[in-house]
Amino acid sequence: MKRYKIITYGCQMNVHESEKLEGMLSATGYFEAADIQSADLIIFNTCCIRGGAEDKTFSNIGALKKYKEKNPALKIAVCGCMPQKKDTLERLKTRFPYVDIIFGTHNLHTFQDLLIKSEVGGRVVEVWEKEGGIEEGKPYSRRGATGWVNIMYGCNNFCAYCIVPYVRGRERSRAAEDVIKEVTELAAAGTFTEICLLGQNVNSYAGTYAGEPVNFEGLLKLLCAVPGDFKISFMTSHPKDLSDGVIDLIADCEKLKKSIHLPVQSGSDRILSAMNRKYSAAYYTGLADKIREKVKGAVLTSDIIVGFPGETDEDYDMTLQLIKRVRFNNLYMFMFSAREGTPAFSLPGQIPLDIKRGRLIKLISLQRKIQKEIEADIKDKTI
Ligand code: 5AD
Ligand code: SF4
């Protein structure tokens with residue numbers, strides 16, 4: 001009986017893709033190991049969104065060498081976003097010769113074949129440069145109360161700091177029938193209190209239903225009709241694509257969770273434009289007001305990057321002002337990390353680390369204060 005352990009880094013997309021790897025592994029007769037020490041196969045499903053994530057992963061892959069020395073039969077696989085990028089693929093190939101299987105995001109569905117290949121022929125490195133079509137029918141091994149369902153893959157937005165469009169390819173949407181079938185099956189299982197629709201930018205979903213085009217609003221309407229006692233949520237939304245129709249639907253449809261993750265990234269128009277975000281701070285605050293007005297009890301969360309190249313104290317201050325104005329229920333805050341291959345990597349005005357760190361710390365404490373006030377306010381209202 002063979003046992004596997006998967007270590008997953010990064011976003012929900014990776015978490016869900018690890019569920020797919022688990023599904024393929026259990027179909028191949030593998031069981032989950034209690035820990036790394038007792039595994040016959042260790043898989044690192046990697047993330048490359050920030051340099052810190054990469055460094056940590058490289059160091060953890062380095063630490064596996066001693067396991068391989070103790071147990072030469074151990075198989076090690078590295079997949080996900082890091083192999084999909086040229087510089088990290090090269091480093092994986094040359095500096096970690098004891099890694100047996102290397103594959104990318106575009107050929108994750110071929111994992112069972114790669115496993116067989118490595119069993120008969122030794123090391124396998126297969127990374128598709130371009131995305132293929134959408135592979136339906138692979139099993140998922142799901143756990144927990146949230147059922148993750150992909151509705152689209154890839155991103156066309158090319159925000160100046162972001163590596164995702166380069167490692168995940170262009171947008172491809174699943175057919176609505178396939179999404180509905182999956183959601184119906186999860187609902188019928190009765191074990192999921194929430195079904196979360198996943199995509200890099202769900203609002204630009206462009207699928208088909210009965211041969212006709214269907215957008216995100218149309219898909220949500222179809223999914224709201226699926227019977228069962230569960231809530232529907234989704235992530236991530238790009239502010240430029242979140243339509244009034246979708247906001248109205250969140251307000252009106254009981255099945256839709258009243259929470260929206262809407263990354264703003266910065267409160268300065270100059271920085272938003274340099275980031276290629278295609279909206280202004282005023283547009284964003286207007287959108288947030290609209291959501292709060294229409295959706296009773298809306299929970300609004302966001303992402304912020306501090307220290308984007310050229311960000312002055314004034315730009316940073318505008319971000320703080322926006323945060324004070326919108327009062328997010330939760331915020332994911334990051335220091336800009338220059339990713340090779342993205343436009344922001346070579347922009348002038350890179351911000352020194354100590355300034356970025358100072359800006360992040362101040363932002364975190366502001367957000368903490370706001371969240372405490374929101375919580376106290378909720379308590380007051382319930383007493
Ligand atoms: N540096 C810092 N943060 C980044 N993000 C994406 N790329 C970078 C980068 N190069 C953040 C954005 C995005 C979130 C998932 O990660 O805020 O919304
Ligand atoms: Fe990256 Fe922008 Fe696409 Fe989000 S919308 S994945 S931040 S390029």
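Here are some friendly notes on this predicted model, point by point.

1. **Ground rules.** In this predicted model, local features need pLDDT of at least 70 and side-chain atom pairs count only at pLDDT 80 or more, while totals for chains, interfaces and linings use all residues. Residues are numbered from 1 along each chain as its sequence is written, chains are lettered from A and ligands numbered from 1 in the order in which they are written, and side-chain values use heavy atoms, with hydrogens and water left out.

2. **The β7-β10-β13 sheet.** Three strands make an open, parallel sheet in the order β7-β10-β13. Helices (H or I, at least four residues) and strands (E, at least two) are DSSP runs, numbered from the N terminus, and two strands pair if DSSP finds at least two bridges between them. At the edges sit β7 (146–150) and β13 (231–235), each pairing on one side only. From one strand to the next the twist averages 25 degrees; axes are lines fitted to C-alpha atoms, for helices over the stretch in contact, and angles run from 0 to 180 degrees between N-to-C directions. Between β7 and β10 (residues 194–198) there are 5 bridges, and Asn150 stands opposite Leu198 in β10.

3. **Helices on that sheet.** Helix α1 (residues 12–27) lies across β7, β10 and β13, at about 95 degrees to β7. Helix α7 (residues 176–189) also packs on the sheet, where it touches β7 and β10, and its direction makes about 170 degrees with that of β7. Contact here means heavy atoms within 4.5 Å.

4. **The cores.** The largest nonpolar core has 59 residues, and Leu197 and Phe216 have the most contacts inside it. Such a core is a set of buried Ala, Val, Leu, Ile, Met, Phe, Trp, Tyr and Cys residues joined through side-chain atoms within 4.5 Å. Helix α7 gives the most to this core, with 6 residues. Leaving aside residues up to four places away in sequence, the contacts of Leu197 include Val149, Val183, Phe216, Ile232 and Phe234. A second, separate core of 23 residues has Leu64, Ile76, Phe96 and Ile163 among its members.

5. **The β14-β15-β16 sheet.** Here again 3 strands form an open sheet with parallel pairing, in the order β14-β15-β16. Its edge strands are β14 and β16 (330–335), and its twist averages 10 degrees from one strand to the next. β14 is joined to β15 by 3 bridges, with His261 opposite Thr301 in β15. Helix α13 (residues 353–382) lies across β15 and β16, running at about 175 degrees to β16.

6. Ala281, Tyr284, Thr285, Leu287, Ala288 and Ile291 are buried. They cover an arc of only 155 degrees around the axis, so they lie on the same side of α11; the arc is that of the directions from the helix axis to the C-beta atoms. On the other side, Ala282 and Glu293 are exposed. Buried means under 20% relative accessible area, exposed over 50%, and partly exposed in between (1.4 Å probe, protein chains only). The cover over the buried residues includes α9 (244–252), β14 (259–261), α10 (269–274), β15 (299–306) and α12 (313–326).

7. **Arg3.** Arg3 lies in strand β1 (residues 2–8) and is partly exposed, with a relative accessible area of 27%. Among the residues Arg3 touches are Tyr30, Glu32, Asp40 and Leu41.
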